[in-house]
Amino acid sequence: MNRSERFYRIDQLLTARKVVTRQELLDELEISWATLKRDLAFLKDRFNAPIIHDRDAGGYRFAEPGAGPSYELPGLWFNADETYALLTMHRLLSDLEPRLLAPHVAPLLSRLESILGQEGQRFDEIAQRIHLARIGHRFKDAEHFSELSRALLQRRQVRITHYSRERDEHTARTVSPQRLTFYRNNWYLEAWCHTVRRLYSVQTAPPPAHQSRFRAPRAVS
């Protein structure tokens, strides 16, 4: 964690545990004693943190608030990975069709928006200023995806209509789904084809209408 994150972690530990030993701080922050001393001094000198070492209690704690300057850490927003994860979850949940999960998704969306806006920022402003580009995204047919995912989890074969661009022809095939992979905003199915006895990886989204007449997979026992 970076220095700012350590400051907030120290504040959280002292607030939650009341008294924290030096070794506990070193273990939690994964830093040296010299670095911890610098962090504590910076918190006290720059942010007026009332941190004291209580020998009787055997560790560090916050002193009772006095008449001096108030203690307050500056606002800390999310790092790159956390921002990407939160906005991605929000985007994925927002894209769900209003079906069976709708009653459960709404509270999750509300919670994500409150987390993203916890530093006084409105979520709609954040969404306008931070954009996740969806490159190469294709429409996925919900019926086809549901059929394939059920067959995958139930270990059942499916019959599909395979389109070959090279020969411009359709052939009926029986495949055994092996794994679904989400890569670059698209779902891919890895399946063993019993017709040609090969492992294939194909997109679960049907190709454009002008390229083929995609037929829904049909499960077989």
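Good morning. The protein exposes about 15400 Å², and carbon and sulfur atoms supply 50% of that area; accessible areas here come from the Shrake-Rupley method with a 1.4 Å probe, and for residues only the protein chains shown count as cover. Please bear in mind that this is a predicted model, in which local features need pLDDT of at least 70 and side-chain atom pairs count only at pLDDT 80 or more, while totals for chains, interfaces and linings use all residues. Residues are numbered from 1 along each chain as its sequence is written, and side-chain values use heavy atoms, with hydrogens and water left out.

Let me turn to the overall layout. The protein has seven helices and seven strands; helices (H or I, at least four residues) and strands (E, at least two) are DSSP runs, numbered from the N terminus. From that terminus on, the order of elements is α-α-α-β-β-α-α-α-α-β-β-β-β-β. Of the 221 residues, 29% count as buried, where buried means under 20% relative accessible area, exposed means over 50%, and partly exposed lies in between, with a 1.4 Å probe and protein chains only. Among contacts (heavy atoms within 4.5 Å) between residues at least 6 apart in sequence, 50% join residues at least 24 apart.

I come next to the core. In soluble globular proteins, nonpolar side chains tend to be buried together. A nonpolar core is taken as a set of buried Ala, Val, Leu, Ile, Met, Phe, Trp, Tyr and Cys residues joined through side-chain atoms within 4.5 Å. The largest such core in this model has 17 residues, and those with the most contacts inside it are Ile10, Leu36, Leu43 and Ile51. Helices α1, α2 (22-29) and α3 each supply at least two residues of this core, and α1 gives the most, with four residues. What does Leu36 touch, leaving aside residues up to four places away in sequence? Its partners are Ile10, Arg22, Leu25, Leu26, Leu29 and Ile31.

Asp39 lies in helix α3 and is buried, with a relative accessible area of 1%. Setting aside residues up to four places away in sequence, Asp39 touches Arg3, Arg6, Phe7, Ile10 and Ile31.

Now the aromatic residues. Rings of Phe, Tyr and Trp (its six-membered ring) pair if their centres lie within 6.5 Å; planes under 30 degrees apart count as stacked, over 60 as edge-to-face and the rest as tilted. By this rule the count comes to seven aromatic pairs. One of them joins Phe7 and Phe47, an edge-to-face pair with 6.1 Å from centre to centre and 70 degrees between the planes. Phe7 lies in helix α1 (residues 3-17) and Phe47 in the loop between α3 (33-46) and β1 (51-54), so this pair ties together parts that are 40 residues apart in sequence. Both Phe7 and Phe47 are buried. The pair of Tyr183 and Tyr188 is tilted, because the ring centres are 6.5 Å apart and the planes stand at 55 degrees. Tyr183 counts as partly exposed at 46% relative accessibility, and Tyr188 is likewise partly exposed, at 24%.

Ring pairs also link Phe7, Phe42 and Phe47 into a cluster. The charged end of Arg3 sits over the ring of Phe42, 4.2 Å from its centre. The rule for such a placement is that NZ of Lys or CZ of Arg is within 6 Å of the ring centre and within 35 degrees of the ring normal. The charged end of Arg22 sits over the ring of Trp33 in turn, 4.4 Å from its centre.

Let me move to the strands. Strands pair if DSSP finds at least two bridges between them. Four bridges join β1 to β2 (residues 59-62), and the two run antiparallel. Asp54 stands opposite Gly59 in β2. The hairpin of β1 and β2 has four residues between the strands, and Gly58 takes a positive phi near 85 degrees there.

I close with the backbone. Most residues other than glycine have a negative phi, and most peptide bonds are trans. Lys18, in the loop between α1 and α2, has a positive phi near 70 degrees and counts as exposed at 57% relative accessibility. Glu30, found in the loop between α2 and α3, has a positive phi near 55 degrees and is exposed, with a relative accessible area of 72%. Thank you.
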